[in-house]
Amino acid sequence: MLEINNLHVDLEEEDKTILKGVNLSVEAGTVHAIMGPNGSGKSTLSYVLSGRDGYKVTDGSATLAGVDLLDMDPEERAAAGLFLAFQYPVEIPGVGNMTFLRTAVNAQRKARGEEEMSAAEFLKVVREKAKTLQIDADMLKRPVNVGFSGGEKKRNEILQMAMLEPKMCILDETDSGLDVDAMKLVSDGVNALRDAGRAFLVITHYQRLLDHIKPDVVHIMYDGRIIKTGGPELALEVEQNGYADILAEVA
Ligand code: ADP
Ligand code: MG
Ligand code: MG
């Protein structure tokens, strides 16, 4: 589903290399987790994949279901099935949450040459999905994320994901700012979307999220590279011993 080869990325504004040769292969139907200390380049990787400005790819490639991602505009990547749940969801004053969701869903359908979702169908689907994430009608009417708590913003990201039904879902520290109950809601929302035709890349600092969203593969990222790959036991190792042992082993 997602194939990253030798990806090197510099900042556009500064002479600084952030990603120093990332290799990653995520098969359809699987959940991969990326862990790693702050500043390793986890968010940068998710931004570069989704097409955020400010980064320069100097080497390597990234494809989604065989299609070159790096060549596309952000909205084309989304239409191709890529979704990023932000570490820091953005507030959009003046744009109602419902309007935002409906516009996104229909823009994506249009880009794929599909028919728009009718207003009635959209309402039905959004209410149903919002309910399972315990997002109430009031939150759907308010401007996107404005005045939402940290946990509400993260649940709203998952609602967007559930509405867009992407093929490749990237979640950047969706667990940060969530209490135990909200983490359960978010995890249930993600698990409900697990499917043979879909893959997930879950970026997290903590093992606890991975108790709920069980990964098939765990990667450790450090200084712009994936330095170790293993099974779920790797996350437990990090939880118990931190990164010191892994860094020493790799060094
Ligand atoms: P992580 O998500 O693993 O904590 P980031 O991708 O946020 O790591 O950051 C990786 C490194 O790149 C850090 O040293 C960070 O300071 C730097 N960095 C990322 N984006 C920028 C930027 N726009 N300007 C300056 N430094 C940046
Ligand atoms: Mg960070
Ligand atoms: Mg980050």
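Student: Which residues are around ligand 1?
Tutor: Leu11, Glu14, Ile18, Gly36, Asn38, Gly39, Ser40, Gly41, Lys42, Ser43, Thr44 and Gly54. Each has its C-beta atom, placed from the backbone, within 6 Å of the ligand. This is a predicted model, where local features need pLDDT of at least 70, side-chain atom pairs count only at pLDDT 80 or more, and totals for chains, interfaces and linings use all residues. Residues are numbered from 1 along each chain as its sequence is written, while chains are lettered from A and ligands numbered from 1 in the order in which they are written.

Student: How does that shell divide into nonpolar, polar and charged?
Tutor: Two nonpolar, eight polar and two charged. Ala, Val, Leu, Ile, Met, Phe, Trp, Tyr, Cys and Pro count as nonpolar; Asp, Glu, Lys and Arg as charged; the others, Gly among them, as polar.

Student: What gives the largest share of the shell?
Tutor: Helix α1, residues 42-50, with three residues. Helices here are DSSP runs of H or I, at least four residues, and strands are E runs of at least two, numbered from the N terminus.

Student: New topic. Where does Tyr222 lie?
Tutor: In strand β11, residues 217-222.

Student: What is Tyr222 in contact with?
Tutor: Leaving aside neighbours within four places in sequence, Gly36, Pro37, Ser40, Ile227 and Leu247. Contact means C-beta atoms, placed from the backbone, within 7 Å.

Student: And how far is Tyr222 from Met35?
Tutor: Their C-alpha atoms are separated by 8.8 Å, though the two are 187 residues apart along the chain.

Technical notes
Contact = placed C-beta atoms within 7 Å.
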